[in-house]
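Here is a short briefing on one protein model. Look over the sequence and the fold before reading on.

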Amino acid sequence: MNLEDTIVAVSSPPGSAVRGIIRLSGARAFEIAEGVFAASDGRRLPDCGGGLHLDGTLRIADAGLPASVALFRRPRSYTGQDIVEIHLLGAPGVVGLTMESLLGGGARRAEAGEFTARAYLAGMMDIAQVHGVAAMIAARSDGQLQAAENLLHGALSRAANGAREELADLLSLVEGALDFADEPIEFITPDQLRERLGSVRESLQGAADAGLRAERWGRLPRVVLTGAPNAGKSSLFNRLTGMDRAICTPVAGTTRDVLSAPLQLRHSECLLIDAAGTGEATSDVEARAQDAARRESANADLLIEVYDASRGRPSGRGGLSAASSLCVANKSDLLASGGLAELREWAGNSSSDTICVTSALTGEGCERLRRMIEDGLGDRPMDRNDATIALMAEHREGLQGAIAAVEGAIAIASASGDSLENADLVALELRTAADALGLLVGQDLADDLLGRIFARFCVGK
Ligand code: GDP
């Protein structure tokens, strides 16, 4: 990875879009961008400072397509180098021609993760924050994004660096005690040491807990379709997910396996699960399928109880069994207009936010159902909580290792009398803890490790 090169990559997603973004980073970024972009006010990019946004046209072809550039001068940029972002039409042809022209002008295609690698090497972020960028790219819900942002913005780095400073301070005191073992000087008492190490332990445990919370809330919420056989659960599953996986037949009890597929909502995603219908099982296979369905329902974040509206209304409160459930009156297309109006009125009058009239056949009501699912899941703490950090396995291990060493030191301090005994062992534990934390936020990682981390990125990031 040669840092002297000026690199270029498309940073918008592949395919057609309204807008595309091409990013350049390196010493010649402004000069090379000037080759494809003409500012409306006639300014030349190499003469411009950073923090500017200019409108203009592309120099490629003769059409003079509109474009704009955002300019960042080093060191105040993502990579710490000069950066130009070209915002242009997202048509693959236009983006492709512009890229060719930039490559012809002397830029080199960026490798996967090279922008973030440059940011790291320029000291713009530590390795924990680099992982935060990777987690942001991979995030599939607002909750995951929040946890990744917290990692990127240094939640783990702050905890680890704070603990490292305190450990270094304590280490100097403990080593002082070792160096002057024969003198009657008290550097730190066992009580003081225990108390200060207790705070370190607490703050590291706080970061580890935030990671656990993120993990728990980071999984996709589970939305389970339940209801009597033949109510139309499999048909709704297919309609909502746009797949044709669930077999729908007029024979009751056809759904034997638990089927699941991701369902994209407006701001998030959930896992939609189609389980066997409830009711009397007529065979062993069916009984087992219903057991599996009951387990899914018990684990659900949201239950959707589906019933066949052409067979009359369900009894009770719309058949709803739990607070976190929605009721769907399906097969509305089978009702005569009078019956449908009556059903809608009933649905509107009962707790209107939890009853939806649909037809899996025509698609009626399915968009509303999607919104209701999102609203129904919206109250989960996941989307609002910011006490989460998207920790990776190595972060968890590093934190656990540090916590164990700190606890080891606390145990030795607790076993000491009035003055610290076994100071050499305490020093060893403190150093072990500091080293484990140093790896999490370190600036001096081995090259092959760095290579592996950045290979997880996509080009353009
Ligand atoms: P499940 O047992 O609850 O999964 O029900 P299925 O999805 O297998 O549907 C049972 C039968 O009802 C099938 O013949 C479907 O084609 C039919 N069906 C499902 N939804 C609708 C609907 O909205 N309108 C009509 N007219 N038929 C439906």
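R23 lies over the face of F115, 5.0 Å from the ring centre. For such a charge over a ring, NZ of Lys or CZ of Arg must be within 6 Å of the ring centre and within 35 degrees of the ring normal. The model is predicted: local features need pLDDT of at least 70, side-chain atom pairs count only at pLDDT 80 or more, and totals for chains, interfaces and linings use all residues. Residues are numbered from 1 along each chain as its sequence is written, and side-chain values use heavy atoms, with hydrogens and water left out.

**Rings**
- R73 lies over the face of F30, at 3.7 Å from the ring centre.

**Strands**
- Strands are DSSP runs (E, at least two residues), numbered from the N terminus. Two of them pair if DSSP finds at least two bridges between them.
- R23 has E85 in β6 as its bridge partner.
- Strands β2 and β6 (residues 83-90) run antiparallel, joined by eight bridges.
- Strand β1 (residues 7-10) also runs antiparallel to β2 (residues 17-25), with four bridges. I7 has S25 in β2 as its bridge partner.
- β1 and β2 form a hairpin with six residues between them. In the turn, G15 has a positive phi of about 100°.

- K233 sits in helix α8 (residues 233-241). Helices are DSSP runs of H or I, at least four residues.
- A polar atom of the K233 side chain lies 2.7 Å from the backbone oxygen of A228.

How values were computed. A polar contact is a pair of N or O atoms within 3.5 Å; within protein, one must be able to donate a hydrogen and the other to accept it, and residues adjacent in sequence count only if both atoms are side-chain atoms.
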